[in-house]
Amino acid sequence: MVEYLEVGKIVNTQGIKGEVRVLSQTDAPQERYQKGAKLTVFVKNKEPIELTVASHRKHKSFDLLSFEGYPSINDVEGFREGILMVPKTELTPLDEAEYYYYEIIGLDVYEKNGEKLGQVKEILAPGANDVWVVQRKNKADALIPFISSVVKKIDLENQKVFVEIPEGLLDDEN
């Protein structure tokens with residue numbers, strides 16, 4: 001059984017020439033969406049379809065993709081709301097201090113005093129460094145920058161992350 005990982009979601013079509021708008025969830029869009037790359041689209045109640053990327057470009061917060069053999073809007077209309085996936089076996093090995101999003105999402109986050117802060121529910125990539133969205137019990141989500149001064153230890157084996165929160169980062173007064 002092939003295990004797949006999500007790299008993006010097709011949210012709409014773009015223009016009439018078979019392009020789709022993708023909300024990307026990959027940390028390597030240039031590699032993942034390069035011409036000739038294989039992606040599998042999973043659409044609810046349909047068989048998965050393997051696609052070959054024909055073109056890729058950025059537009060605002062979206063990645064725009066077109067696929068070989070799907071030259072018009074009518075060809076890709078059925079992919080709307082589809083999830084683009086890649087087999088887990090296609091992941092490239094990372095350096096020691098690098099992680100895939102799927103490895104981090106779902107980890108429990110602990111402060112240095114041992115107190116559980118919450119669980120990583122999402123990763124944002126706004127610019128210089130990633131920001132982890134940590135879901136907390138009965139509080140607003142915490143935004144934790146993925147930088148060495150804050151994230152002290154990632155223990156994938158035990159599904160835990162240890163952080164040191166700087167004064168004022170989590171302003172819970174509001």
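## Thr 52 in strand E4

Thr 52 counts as buried, at 13% relative accessibility. Buried here means under 20% relative accessible area, exposed means over 50%, and partly exposed lies in between (1.4 Å probe, protein chains only). The residue sits in strand E4. Strands (E, at least two residues) and helices (H or I, at least four) are DSSP runs, numbered from the N terminus.

This is a predicted model: local features need pLDDT of at least 70, side-chain atom pairs count only at pLDDT 80 or more, and totals for chains, interfaces and linings use all residues. Residues are numbered from 1 along each chain as its sequence is written, and side-chain values use heavy atoms, with hydrogens and water left out.

Contact means heavy atoms within 4.5 Å. Not counting residues up to four places away in sequence, Thr 52 touches Gly 36, Ala 37, Lys 38, Ser 66, Phe 67 and Glu 68. Lys 121 is 69 residues from Thr 52 along the chain, and their C-alpha atoms are separated by 30 Å.

## Nonpolar cores

In soluble globular proteins, nonpolar side chains tend to be buried together. A nonpolar core is a set of buried Ala, Val, Leu, Ile, Met, Phe, Trp, Tyr and Cys residues joined through side-chain atoms within 4.5 Å. The largest such core has 17 residues; Leu 39, Leu 65, Phe 67 and Leu 84 touch the most other members. Six strands each supply at least two residues of this core: E1, E2, E3 (38-42), E4 (49-59), E5 (62-67) and E6 (83-87).

Which residues does Leu 65 contact, leaving aside its neighbours within four places in sequence? They are Gly 18, Glu 19, Val 20, Val 22, Tyr 33, Leu 39, Val 53, Ser 55, His 56 and Leu 84. A second, separate core holds 16 residues, including Tyr 101, Ile 104, Trp 132 and Val 134.

## Aromatic pairs

A pair of aromatic rings is described by the distance of the centres and the angle of the planes. Rings of Phe, Tyr and Trp (its six-membered ring) pair if their centres lie within 6.5 Å; planes under 30 degrees apart count as stacked, over 60 as edge-to-face and the rest as tilted. By this rule there are five aromatic pairs. Tyr 4 and Phe 42 pair edge-to-face, 5.0 Å centre to centre with 70 degrees between the planes. Tyr 4 lies in strand E1 and Phe 42 in strand E3, so the pair ties together parts that are 38 residues apart in sequence. Tyr 4 is partly exposed, with a relative accessible area of 30%. Phe 42 is also partly exposed, at 26%.

Trp 132 and Phe 146 form a stacked pair: 5.0 Å centre to centre, 15 degrees between the planes. This pair links distant parts of the chain, 14 residues apart. Trp 132 is in strand E9 (residues 131-135), and Phe 146 is in the loop between strand E10 (142-145) and strand E11 (151-155). Trp 132 is buried, with a relative accessible area of 2%, while Phe 146 is partly exposed at 28%. Ring pairs also link Phe 67, Tyr 70 and Phe 79 into a cluster.

## Pockets

A pocket is found on a 1 Å grid over the protein atoms alone, with a 1.4 Å probe: it is an open set of points with protein on both sides within 12 Å along at least five of seven lines. Lining residues have an atom within 4 Å of a point. A volume is the space filled by probe spheres set on the points, which are joined across faces, edges and corners.

The largest pocket holds about 960 Å³ of space. It is lined by 36 residues; Glu 6, Gln 25, Thr 26, Asp 27 and Tyr 101 lie nearest its centre. Strand E1 (4-14) gives the most to this lining, with five residues. By class, the lining has 21 nonpolar, five polar and ten charged residues. Ala, Val, Leu, Ile, Met, Phe, Trp, Tyr, Cys and Pro count as nonpolar, Asp, Glu, Lys and Arg as charged, and the others, Gly among them, as polar.

The second largest pocket has a volume of about 260 Å³. Of its 14 lining residues, Glu 111, Glu 115, Leu 117, Arg 136 and Lys 139 are the closest to its centre.

## Arg 32 and Glu 96

Arg 32, in helix H1, counts as buried at 9% relative accessibility. Glu 96, in the loop between E6 and H3, is exposed, with a relative accessible area of 79%.
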